[in-house]
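These are my notebook entries on what I looked up, one topic at a time. The structure comes before the entries.

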Amino acid sequence: SDKEEKLEKTKRSIFDMLPELIAKQTRTKRSEVGIYFGYNGIRTAHEHIYTKLKRGDEYYYLGVPAYQPEEQHIYWQKDHLTRIKAGIKFKALFNKGVDSRIVKNRNSYRGADVKIMESEIKTPATFAIFADTIVIVLQHPEAIAVEIINQSIADSFKAYFDEFWKRSKEIK
């Protein structure tokens, strides 16, 4: 029938357009925002580096605060072993006032490069930057992470990281 023929034609044209539509959708990836609560939430957001980065890639932490709960120190130390196994590198800028033993500990892990910021900025929030993602992490007084997936925003935070990195001293 005429109706069936029209339907078949429409179906064919949709199938013909499908690859183009899929390609277009991946080119114009929409931004996403996620909010994670508690230390487990922070860890979940942080561990997205392992789904987005591959061996040889690098991620960045900007403005690591002087105070972190002990359970988080233990977590970060274990996570460095996971990071090393994955072959991912890490750069971090800690706020002034962070215990030098913590900085030395983090620098002792392969593929890690940690400096103390020259800036007097001391905020409780840290910014993790990787791939197309920025995670704003607050460990104290409340444990929360806000993840923003947007390449332009990630690139913007990376530019700030690079500028602060240039102005900071090596710690051995």
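I looked up K52 and found it in helix α3, residues 49-52, where helices are DSSP runs of H or I with at least four residues, strands are runs of E with at least two, and both are numbered from the N terminus. This is a predicted model, in which local features need pLDDT of at least 70 and side-chain atom pairs count only at pLDDT 80 or more, while totals for chains, interfaces and linings use all residues. Residues are numbered from 1 along each chain as its sequence is written, and side-chain values use heavy atoms, with hydrogens and water left out.

Is K52 buried, exposed or in between? I noted a relative accessibility of 29%, so K52 counts as partly exposed; the classes are buried for under 20% relative accessible area, exposed for over 50%, and partly exposed in between, with a 1.4 Å probe and protein chains only. Not counting residues up to four places away in sequence, K52 touches D57, F130, A131, D132, T133 and I149, a contact being heavy atoms within 4.5 Å. The C-alpha atoms of K52 and T133 are separated by 9.0 Å, although these residues are 81 apart along the chain.

I then turned to A131, one of the residues that K52 touches, and placed it in the loop between β5 and β6. Its phi is near 45 degrees, a positive value in a residue other than glycine. A131 has 35% relative accessibility and therefore counts as partly exposed. I also checked the peptide bonds and found a cis bond joining H140 and P141, with omega about 10 degrees; P141 lies in the loop between β6 and β7 (144-149). For background, I recall that most residues other than glycine have a negative phi and that most peptide bonds are trans.

Next came the nonpolar cores, each a set of buried Ala, Val, Leu, Ile, Met, Phe, Trp, Tyr and Cys residues joined through side-chain atoms within 4.5 Å. The largest has 28 residues, and those with the most contacts inside it are Y59, Y61, F90, F94 and V135. Among the elements that give it two or more residues are α2 (38-46), β2 (58-64), α4 (70-86) and β3 (89-94). A second, separate core of 9 residues includes Y60, L93, I148 and F161. For V135, leaving aside neighbours within four places in sequence, I listed contacts with A45, T126, F127, A128, F130, A145, V146 and E147.

Which residues of α5 are buried? I found I102, V103 and R106. Seen down the helix axis, the buried residues of α5 fall within an arc of 100 degrees, so they line one face of the helix; the arc is that of the directions from the axis to the C-beta atoms. These buried residues pack against α4, β3 and β4.

Finally, I searched the whole structure for cavities and found 1 of 30 Å³ or more, a cavity being a set of points, on a 1 Å grid over the protein atoms alone, where a 1.4 Å probe fits but cannot get out. About 170 Å³ of space lies in the largest cavity, and of the 15 residues that line it, with an atom within 4 Å of a point, the closest to its centre are Y61, V64, Q68, W76 and F90. The elements giving two or more residues to this lining are β2, α4 and β3.

Definitions and conventions. On a 1 Å grid over the protein atoms alone, a cavity is a set of points where a 1.4 Å probe fits but cannot get out, and a pocket is an open set with protein on both sides within 12 Å along at least five of seven lines; lining residues have an atom within 4 Å of a point. Grid points are joined across faces, edges and corners, and a volume is the space filled by probe spheres set on the points.
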